[in-house]
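Subject: Structure handover

Hello,

I am passing this structure on to you. Please have a look at it first, then read my notes below.

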Amino acid sequence: MTLMNSAQWIDVMNEKDLLQGTGKKVVYKGNEIAVFKAMNGDVFAMENKCPHKGWGIVDGMISGKHVYCPMHDRKINMDSGLVEKPDTGCVQTFQTEVSNGKIRIAFPIT
Amino acid sequence: MKKKLVLIGNGMAGVNVIEHLLKLNADRYDITIFGEEPHPNYNRVMLSKVLAGDVSMDTIILNNDDWYVENDITLYKGEKVTQIDSEAKTVVSSTGKVVPYDDLIIATGSSAFMLPLPGVEKDGVIGFRDMQDCETMKKAAKTYKKAAVIGGGLLGLEAARGILNLGMEVDVIHLGPHLMERQLDPTASHMLQQALEQQGMNFLLQKQSSEILGGERATGLRFQDGTSIDADLIVMAVGIKPNVQLGREAGLHVGRGIVVNDVLETSIPHIYAVGECAEHRGISYGLVAPLFEQGAVLAKKLAGTETAPYEGSLVYSKLKVSGVDVFSIGEFMEQDDVQGITIHDAYSGVYKKVMIRDEKVVGAILYGDSSDSTRLLSFIKNETNIADLKKTDLLTNVDGGTESVGVAHMSDDEIICGCNGVSKGDICQAIKEQQLQSVEEVKKVTSASGSCGGCRPQVSELLTLTLGNDYDSSKEKTKMCSCTDYSRDEILEVIKDKQLTYVREVMHVLEWKTEEGCSKCRPALNYYLGMIYPKQYEDDATSRFVNERMHANIQKDGTFSVVPRIYGGVTTPAALKKIAEVAEKYHIPTVKVTGGQRIDLLGVKKEDLTNVWEELDMASGYAYGKALRTVKTCVGDTYCRFGTADAMGLGIHLEKYFERLETPAKVKMAVSGCPRNCAESGIKDVGVVAIDGGFELYVGGNGGVNVRAGDHLVTVKTEAEVVETIAAYLQHYRETAHYGERTSTWVERFGLAAIQEVLENKEERERLLLAMQQALSQYKDPWKKVIESKEKQKHWYEVVSVPE
Ligand code: SRM
Ligand SMILES: Cc1cc2nc3c(=O)[nH]c(=O)nc-3n(C[C@H](O)[C@H](O)[C@H](O)COP(=O)(O)OP(=O)(O)OC[C@H]3O[C@@H](n4cnc5c(N)ncnc54)[C@H](O)[C@@H]3O)c2cc1C
Ligand code: SF4
Ligand code: FES
């Protein structure tokens with residue numbers, strides 16, 4: 001679920017500061033965003049909030065395009081934000097890009 | 001007016017008839033049940049599992065007291081029927097009750113056959129038939145050490161396994177030259193014997209018992225050849241004899257059992273017999289599958305519904321001993337007109353044999369892998385002509401080939417789970433209505449496959465049949481996870497064989513089904529690799545759960561908790577001051593004394609973690625790890641008037657010696673200064689209890705979800721021996737347990753005796769000690785590693801704040 005009606009691109013960190021297979025918490029305007037880098041180098045960003053209990057997902061284990069919630073192991077698709085069946089729910093995701101060595105996120109304007 | 005139905009025998013067969021009858025026609029009868037045992041109806045098959053400690057007594061109750069009340073059944077528990085008067089149509093009970101009947105069911109089952117040896121009446125000599133026998137064995141195990149089981153058949157071996165789990169030594173005495181000769185050929189029998197010997201059973205074959213020794217209580221057993229053994233508990237498992245006395249006295253026609261026709265009528269009108277006490281077409285069955293089939297027919301007959309006749313049952317046997325997989329059905333020895341096809345893979349311990357007569361399967365033995373049982377069963381049941389099949393295909397899993405003969409073609413009321421009488425229809429309905437996804441779930445809801453497990457493959461097939469592609473049976477096996485079809489042992493073998501050294505390499509070589517594994521297999525592989533190559537392996541932090549990756553426990557609000565080591569629970573004013581100062585400085589909201597005798601700082605922000613560690617300047621307590629956790633101690637002889645050893649000193653030493661050791665699951669220890677055991681050594685993975693002049697070691701205790709008291713491993717004299725024994729023990733655990741398996745489950749799976757044997761083997765012990773040394777030599781404090789590395793701090797502990 002990507003909200004892209006109107007968005008503003010923000011620089012969040014140097015690309016090299018995010019290790020493959022890890023996530024980092026970014027705080028912007030009081031919002032918590034989890035930025036993940038998959039093993040193949042792809043970068044994803046999503047709200048740091050698991051649909052299950054609303055707790056943080058940024059410290060989850062990453063596997064392929066998925067992150068496993070560190071709290072109760074829900075498997076979440078980092079691209080679509082969808083929770084793998086039989087569990088349900090969806091996390092808000094943000095578009096990302098890497099340019100000039102920086103990771104940028106499309107943050108929606110509300 | 002309702003007719004009166006009396007049932008004699010509140011056991012599996014009788015009550016099953018009543019259950020069916022109530023469903024068909026609840027208003028036809030006033031029902032009265034007499035049961036000699038003081039319990040409601042329970043699942044006798046599961047007594048083996050109760051004895052082995054796998055399940056508790058109350059979980060095997062099939063119909064609780066409320067059930068009888070709800071169904072208006074008058075139940076007389078603990079009351080025996082002593083007489084049937086078929087003229088007056090009444091029964092008389094041991095308390096003198098006279099109850100009239102219109103129809104009478106005899107379902108008195110059988111009793112254990114006791115060899116008429118001199119001394120058989122002594123205390124400590126029992127059969128294995130009911131809850132009482134189970135209790136007797138459990139009680140004996142508390143006081144006595146040596147048991148003997150007479151009879152190396154299904155029941156005897158299950159009894160022996162249970163007794164081993166109770167911590168006794170056990171000799172199995174068998175008359176013939178090989179075990180389970182009524183189900184197995186010599187080859188399979190030998191394989192079984194070897195596997196059970198490894199579990200700690202001792203066998204005396206071709207031995208004929210002649211006398212039970214002892215005074216009031218049995219102390220031993222003498223054999224015809226003059227030799228003898230010690231035994232404080234003697235279990236006879238040489239066969240059963242149907243309880244026919246009552247029927248015989250009532251004038252019924254009795255052979256081996258009470259003779260019945262195809263609708264379960266005895267020779268006197270209005271009297272029926274069902275279950276083990278009955279004899280049908282010359283056969284008295286000793287298994288449950290037939291009694292459910294008989295029960296269904298009898299219930300229909302009584303309800304006045306039309307029924308097909310009962311024409312006999314096809315039975316198979318499955319040994320319920322964990323760690324061995326044995327299935328047998330029908331004929332299994334070659335004869336002039338019967339040929340066998342065999343596969344014998346001694347390396348993996350698999351042996352399969354299928355018997356064929358006139359192009360039809362007439363029997364089979366499956367040892368080590370019974371996954372073909374469903375298919376063979378249906379070949380036999382349907383008398384399928386196999387002329388067109390390549391004979392060796394009978395024993396290989398040819399996908400698709402099974403469909404035409406499998407569960408799909410069974411009718412809905414055919415029984416799938418013989419042990420619990422669950423039909424195909426029951427299972428499919430439960431799968432659909434309750435959206436069941438796995439065999440485990442089906443077992444929970446319907447109890448199918450919950451007893452001997454023999455029908456597991458069929459239940460699995462029913463899931464496929466009902467759910468179609470949504471059901472993935474590969475998740476079911478003991479496979480590591482759904483990413484692979486290999487088991488832990490197979491994977492470890494390949495890692496060692498091919499010297500694989502990275503998580504991803506293992507996945508690649510073993511053709512993982514997912515690209516990068518999942519949260520189950522990755523941490524497991526990371527552990528196994530580290531265990532196999534303690535020196536070379538470079539830990540893969542991304543394959544660890546958050547707590548182990550961060551070296552702190554995550555809390556629900558995303559903060560962490562910090563638990564420094566307080567060795568043996570003994571601290572100092574200076575250390576306490578330091579903890580207090582750090583807690584204040586970093587505004588740590590909660591400071592709590594843990595259940596493990598140390599202090600927990602809860603609510604530390606991720607970005608503060610490294611500073612907190614640095615300022616504490618203490619070692620990590622590994623409260624987050626599959627590793628050594630705490631070593632709890634009591635004050636011991638330093639202060640306590642009862643103490644017999646320096647419990648604090650030994651506890652601190654153990655904690656320092658084994659700290660940072662990574663294990664398949666967390667390991668907790670305790671040291672108590674005397675048997676009052678104030679450090680709770682009895683519920684720890686390793687517990688030490690000092691006694692005058694020595695130390696008792698307890699292992700496999702657990703105080704968590706499934707509380708388990710530790711088993712006594714050994715008693716040693718010196719502190720050095722304590723450390724050495726624990727080192728060898730833990731290394732054996734590290735090498736053989738599944739990732740995530742606590743010692744409590746591991747000890748149950750391997751059996752205490754088998755573990756003791758490994759530790760007593762001098763060569764093996766030396767090897768284990770060396771391997772432990774190597775493992776311990778390469779660990780470094782993880783907090784220190786982070787403090788020393790700016791890079792690690794940046795990569796793992798940074799939180800980014802983007803200015804608005
Ligand atoms: C901090 C502590 C509770 C306390 O405040 O006292 C604790 C806290 C947790 N325990 Fe515990 N256990 C604590 C002592 C125990 C004890 C008592 C003991 O060790 O003497 C037990 C029972 C003994 C045993 O393990 O045999 C215990 C049995 C468990 C279990 C069940 C384990 C089992 O095999 O059944 C879990 C769940 C698990 O490991 O999967 C668990 C899991 C947890 C976790 C790690 C849950 C988690 O994964 O997040 C808790 C972390 C809380 C947190 O957010 O920080 N904790 N836990 C104790 C830390 C002791 C220490 O100093 O290291
Ligand atoms: C340890 C163990 C493991 C087993 N494992 C398996 C297995 O894996 N697979 C399998 O198929 N089978 C197994 N069996 C066999 C199975 O339990 C029996 O076949 C089944 O219980 C027989 O049922 P039944 O109702 O005929 O007899 P029972 O279940 O024995 O019931 C008869 C009841 O009648 C009572 N009774 C007897 N006489 C009187 C009287 N005069 N008045 C009142 N009550 C009376 C008895 O006390 C008893 O409670 C096992 C048996 C044991 C003991
Ligand atoms: S018992 Fe243990 S796991 Fe459960 S809430 Fe308490 S600390 Fe957490
Ligand atoms: S909070 Fe994410 S799985 Fe429970």
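Start with the largest cavity. Its lining consists of Thr22(A), Gly23(A), Val58(A), Asp59(A), Arg549(B), Met550(B), Lys606(B), His795(B) and Trp796(B). On a 1 Å grid over the protein atoms alone, a cavity is a set of points where a 1.4 Å probe fits but cannot get out, and lining residues have an atom within 4 Å of a point. The largest cavity holds about 50 Å³ of space; a volume is the space filled by probe spheres set on the points, which are joined across faces, edges and corners. At least two lining residues come from each of β2 (22-28) of chain A and α16 and α25 of chain B. Helices (H or I, at least four residues) and strands (E, at least two) are DSSP runs, numbered from the N terminus. The lining has three nonpolar, three polar and three charged residues. Ala, Val, Leu, Ile, Met, Phe, Trp, Tyr, Cys and Pro count as nonpolar, Asp, Glu, Lys and Arg as charged, and the others, Gly among them, as polar.

A word on the basis. This is a predicted model, where local features need pLDDT of at least 70 and side-chain atom pairs count only at pLDDT 80 or more, while totals for chains, interfaces and linings use all residues. Residues are numbered from 1 along each chain as its sequence is written, chains are lettered from A and ligands numbered from 1 in the order in which they are written, and side-chain values use heavy atoms, with hydrogens and water left out.

The whole structure has two cavities of 30 Å³ or more. The second largest cavity has a volume of about 40 Å³. Its lining includes Ala112(B), Phe128(B) and Arg129(B). By class, that lining has six nonpolar, one polar and one charged residues.

Now chain B itself. It has 25 helices and 37 strands. Of its 804 residues, 54% count as buried, meaning under 20% relative accessible area; exposed is over 50%, and partly exposed lies in between (1.4 Å probe, protein chains only).

Last, one residue in chain A. Thr96(A) sits in strand β9 (residues 96-99). Thr96(A) counts as partly exposed because its relative accessibility is 24%. Beyond its neighbours within four places in sequence, Thr96(A) is in contact (heavy atoms within 4.5 Å) with residues including Trp9(A), Val43(A) and Arg104(A). A polar atom of the Thr96(A) side chain lies 2.8 Å from the backbone oxygen of Val43(A).

Best wishes

Technical notes
Polar contact = N/O pair within 3.5 Å; in protein donor to acceptor, adjacent residues only side chain to side chain. 1 Å grid on protein atoms, 1.4 Å probe; cavity = no way out; pocket = protein on both sides within 12 Å on 5 of 7 lines; lining within 4 Å.
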